[in-house]
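Me: I'd like to talk through some helix packing and charge pairing here. Can you take a look?

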Amino acid sequence: MIHLIRKNEDPDRAPILILEGGAMRGIFTSGVLDAFMDRNFYFPQVIGISAGCLQGLCYISRQRGRNRKVNTTYCTDSRYMGLSHMLKGGSFFNWEFMFGDLAHELVPFDYETFSRAKETLYTVITDAESGEPCFISSHSMDVDEYMKVCEASCSIPLVSRPVKWREKHYVDGGVSLPLVPMPEEIPFPHGKIVYVLTRDVTYRKKPVPFWFHGLLDFKYGREFPSVVEEMCSIPPRYNEKVDWVLEMEKSGEVFVIRPEKPVTVSRTERNVAKLRELHGEGYRLGQERFDEMMRWLYE
C-alpha cells in the first residue's frame, strides 16, 4: 500500500483529495477512485461534497467497484429513485433504501473497514438556516450517524427535503460550496490538493431563471431564506471557481482530474451504457495520470 504521509512528515500537511458532486455523474469519480484502489493508493484526508461523499465512503471502506455496481444495477430500480419518492417522502432519491436494504443486504457497505480506517472523510453539508458550509469528520461519530450526514450532503433543494440532524436542518453541501472548496475555504491544515471534478473544462452554469427563483422562494423563503439566496447565486460562484481552479492548475498549485469531453450523463441518469462509459473514462484517466500525479505530489 502507498502511504502519502512520509516519515517525519507533518500529518496536517499531507495531501488532500477533494471530490465534486453531481449526483449520477459521480460515477466518473468512482472510476478514478477504483483506479487508485487498484494501486493500493489512499489519501489520508478526503473531502466529499454531495455525491462526492458517497464516492468517498467506498474509497475509505476499500470497496472497489461498489459504486459502479450500485449505480448501474439500481439506476432503473423504482426503489432507488423516482418521482414516487418525492411525492411520498419529499426526495427524488430514496435515501431509506440506499442506506437501508441496499447498504446492508443487496450491495453491503463495509461498515467495519470504514470504521477502522485511519483516513478521514470530511463530508460538506450546508446549514439551512445560515447558508454556511460545515465540514463533518468521519471520526467524529459512529458510522450509522455519519450516514445521516452524507444524506444531508446529497439533499438538493427542491428534489430532496432538508435533513434534520442534531436538532438542525441541513441541505446539499454544494449549495454553500459549489464546485469544490478553494484552498482558503478548507477549515483545517492540509498539503497539496488533488481535485476530481465531474464536468469537462468547458462547462459553465447558466443563470438561475426567474421562475426557478420564485419556486425556491415559495418553498424555502419563509423558513430558510439563506437556502434561496445561496441556490440562486450558485451559477456565478460556480463559474468563478472553475476559472480559479484552471488558473491554479496552470500554475501548478493544484492537480485536477476531470472528464475530457462534455458529460451527457444527467443527475438522474438511467441509461446504464452511459453510466458504464463515464465510469470507464474515470478509470482510464485515474490509471493514465496516476504517475503524473505522484510526481506532482512529491516534486
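Predicted model: local features only at pLDDT ≥ 70, side-chain atom pairs only at ≥ 80, totals over all residues.

Me: At what angle do H3 and H12 pack?

Reply: Helix H3, residues 66–74, and helix H12, residues 272–288, pack at an angle of about 165 degrees, with their axes 9 Å apart. Because the cut-off for roughly antiparallel is an angle over 145 degrees, H3 counts as roughly antiparallel to H12, and H3 passes H12 in a right-handed crossing.

Me: Which residues of H3 and H12 meet?

Reply: From H3 there are Arg68, Asn71 and Thr72, which meet Val272, Leu275, Arg276 and His279 of H12. The residues of this contact divide into two nonpolar, three polar and two charged.

Me: OK, switching topic, how many salt bridges are there?

Reply: The count comes to 18 salt bridges. One of them joins the side chains of Glu151 and Lys148, at 3.4 Å from N to O.

Me: And where do Glu151 and Lys148 sit in helix H7?

Reply: They are three residues apart in H7, residues 143–153, so about one helical turn separates Glu151 from Lys148. Glu151 is buried, with a relative accessible area of 13%, whereas Lys148 is partly exposed at 34%.

Me: Which residues are linked in a network of salt bridges?

Reply: Glu260, Arg284 and Glu288 are linked in such a network.

Definitions and conventions
Residues numbered from 1 in each chain as written. Heavy atoms only, no water. Axes fitted to C-alpha atoms, helices over the stretch in contact; angles between N-to-C directions. Helix = DSSP H or I, 4+ residues; strand = E, 2+ residues; numbered from the N terminus. Parallel < 35°, antiparallel > 145°, perpendicular 65-115°, else oblique. Left-handed = near helix turned anticlockwise from the far one by under 90°. Contact = heavy atoms within 4.5 Å. Nonpolar A, V, L, I, M, F, W, Y, C, P; charged D, E, K, R; others polar. Salt bridge = Lys/Arg side-chain N within 4 Å of Asp/Glu carboxyl O. Buried < 20%, exposed > 50% of the residue type's maximum accessible area, 1.4 Å probe, protein only.
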